[in-house]
Amino acid sequence: MPHLRAAYQQLQRQAAAGVDGETWQTYGQGLEARLSDLSNRLRRGAYRALPVRRGYIPKPDGRQRPLGIPALEDTLRVVQSVTAQICTAIGEEEFLGFSYGFRPGRNPHGALDALTVGIEGKRVSWVLDADLRAFFDTLSHAWLVQFVEHRIGDRRLIALIQKWLRAGVLDGESWTASEEGTPQGGLISPILANIYLHYVFDLWVHEWRKRHARGDVIVVRYADDFVMGFEHRAEAEQFQRDLTERLSKFHLELHADKTRLIEFGRFAATNRERRGDSKPETFNFLGFTHLCGKTRQGKFAVWRQTMRKRMRAKLKAIKLELKRRLHTPLPTQGQWLRAVVMGHYQYYGVPRNGPALCEFRYQVIYLWKRALERRSQTAYLTWERIYRIAERWLPNAKICHPYPSQRLRVTT
């Protein structure tokens, strides 16, 4: 009962309602009676999971990402929260160090720092940038339950997980049974995905590196997106073949369009110049484009820049929101834009990404100028005036994160 109450308090107040139409506020009316009834149903095994409601969120490339919105009346999110905490505590004892997604005390910048330090500090010459095709939609229920049973012996907990997997999806008025996959959006989905990839990928990669690699090999995984660095091209190609075979056994496959083996590292530029090739290729990971660069002292360094696609998508969203807020007072617009810009800096404000941050701020100022000029047919703002307004409300470009080696040295 206390765990259920604490899980309810930790839920997002503004979370969308599931198929039952319940929100955090409406469920809180008569909370104690509802939690008591839920606790009894869980003990008796009478708990029934409702299907998740299908929602969609736009992706940077214009497509729609399916999102599962779990019900709250049957306290799916409350029970999932408690179950996720238990599974996380058990899984953290086994999860490997190069796994960063959806784990307590870890975040995307930890993965980015580990990748940068690995490429700069090891003899990496080839990078395998890989992505699993529709991972959350295709993972096998049978294998997942088997992996969970391997580590968790509580049959009631396993039965709960099986109920969520079989609950199905409600898309509009159409209900679809769940034969595979786990819907993104549920509180339990990330930890189940980590358990699945721990056994399918992490442990196997760890053994492959010890048995087959003769040169340096690094690996960083964040959810279903991972990057590996190799010293020798032959080993990278062999790994990709072995990985494809390994994944097929567990109903997974690499995304052909998003998986690439490129020459990248401290020797890439020199080797390609010797062969008469162009500059080393780049790869994207967690919102950043990674490039081969140099420090002011001429040493090799990995440069990270905001992905152009991500920046364009963000600016497009700002333009639409400014249009919606066209006639709101200027201070209100300024406060909102300040929060947006600061949020952008908080994520993308990494060392050597200053030019991209400055460009983002300039583009926001330009969009704001255009929006203010649309307030009337005769309105016109000079650049001198809009810069004064921007100086009042929009913070200058700011690097919010230390160099990767500095932060990694502190955290480890």
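The model is predicted, so local features need pLDDT of at least 70 and side-chain atom pairs count only at pLDDT 80 or more, while totals for chains, interfaces and linings use all residues. Residues are numbered from 1 along each chain as its sequence is written, and side-chain values use heavy atoms, with hydrogens and water left out.

**Exercise 1: the whole chain**

Work out how many helices and strands the chain has, and what share of its residues is buried.

Step 1. Start with the elements: there are 16 helices and eleven strands. Helices (H or I, at least four residues) and strands (E, at least two) are DSSP runs, numbered from the N terminus.

Step 2. Turn to burial. Of the 412 residues in the chain, 49% are buried. Buried means under 20% relative accessible area, exposed means over 50%, and partly exposed is in between (1.4 Å probe, protein chains only).

Step 3. Now the contacts, meaning heavy atoms within 4.5 Å. Take those between residues at least 6 apart in sequence: 70% of them join residues at least 24 apart.

**Exercise 2: a three-stranded sheet**

Find the strand order of the open sheet that contains β10, and say which strands sit at its edges.

Step 1. A reminder first: strands of a sheet pair through backbone hydrogen bonds, either parallel or antiparallel. Two strands count as paired here if DSSP finds at least two bridges between them.

Step 2. The order is β9-β10-β11, and the pairing is antiparallel. At the edges are β9 (283-285) and β11 (300-306), each pairing on one side only. From one strand to the next, the twist averages 40 degrees. (Axes are lines fitted to C-alpha atoms, for helices over the stretch in contact, and angles run from 0 to 180 degrees between N-to-C directions.)

Step 3. Look at β9 and β10 (residues 288-294), which are joined by three bridges. F283 stands opposite H290, and F285 has F288 as its bridge partner. Two residues separate these strands in a hairpin, where L286 in the turn has a positive phi of about 55 degrees.

Step 4. Move on to β10 and β11, joined by seven bridges. Here L291 is partnered with W303. This hairpin has five residues between its strands, and G298 in the turn has a positive phi of about 90 degrees.

**Exercise 3: strand β7**

Explain why β7 counts as largely enclosed by the rest of the structure.

Step 1. Check burial along the strand. Six of the six residues of β7 (residues 225-230) are buried, so the strand is largely enclosed.

Step 2. Check each face. D225, V227 and G229 are buried on one side, and F226, M228 and F230 are buried on the other.

Step 3. Find the partners. Strand β3 (residues 126-131) runs antiparallel to β7 and is joined to it by six bridges, with D131 partnered with D225. Strand β6 (residues 217-222) is also antiparallel to β7, again with six bridges, and V220 is partnered with V227.

Step 4. Look at the turn. The hairpin of β6 and β7 has two residues between the strands, and A223 takes a positive phi near 60 degrees.

**Exercise 4: two packed helices**

Describe how α13 packs against α15.

Step 1. Two packed helices are described by the angle between their axes and the distance between the axes. For α13 (residues 330-348) and α15 (residues 383-393), the angle is about 60 degrees and the axes are 9 Å apart.

Step 2. That makes α13 oblique to α15. Angles under 35 degrees count as roughly parallel, over 145 as roughly antiparallel, 65 to 115 as roughly perpendicular and the rest as oblique.

Step 3. List the residues in contact: L330, P331, G334, Q335 and R338 come from α13, and I389, R392 and W393 come from α15.

**Exercise 5: two single residues**

Decide whether T138 and R325 are buried or exposed.

Step 1. T138 lies in helix α6 (residues 135-138). Its relative accessibility is 18%, so T138 counts as buried. Leaving aside neighbours within four places in sequence, T138 is in contact with R133, E180, G181, H251 and L252.

Step 2. R325 is in the loop between α12 (308-324) and α13. R325 is buried too, with a relative accessible area of 18%. Leaving aside neighbours within four places in sequence, R325 is in contact with Q333 and W336.
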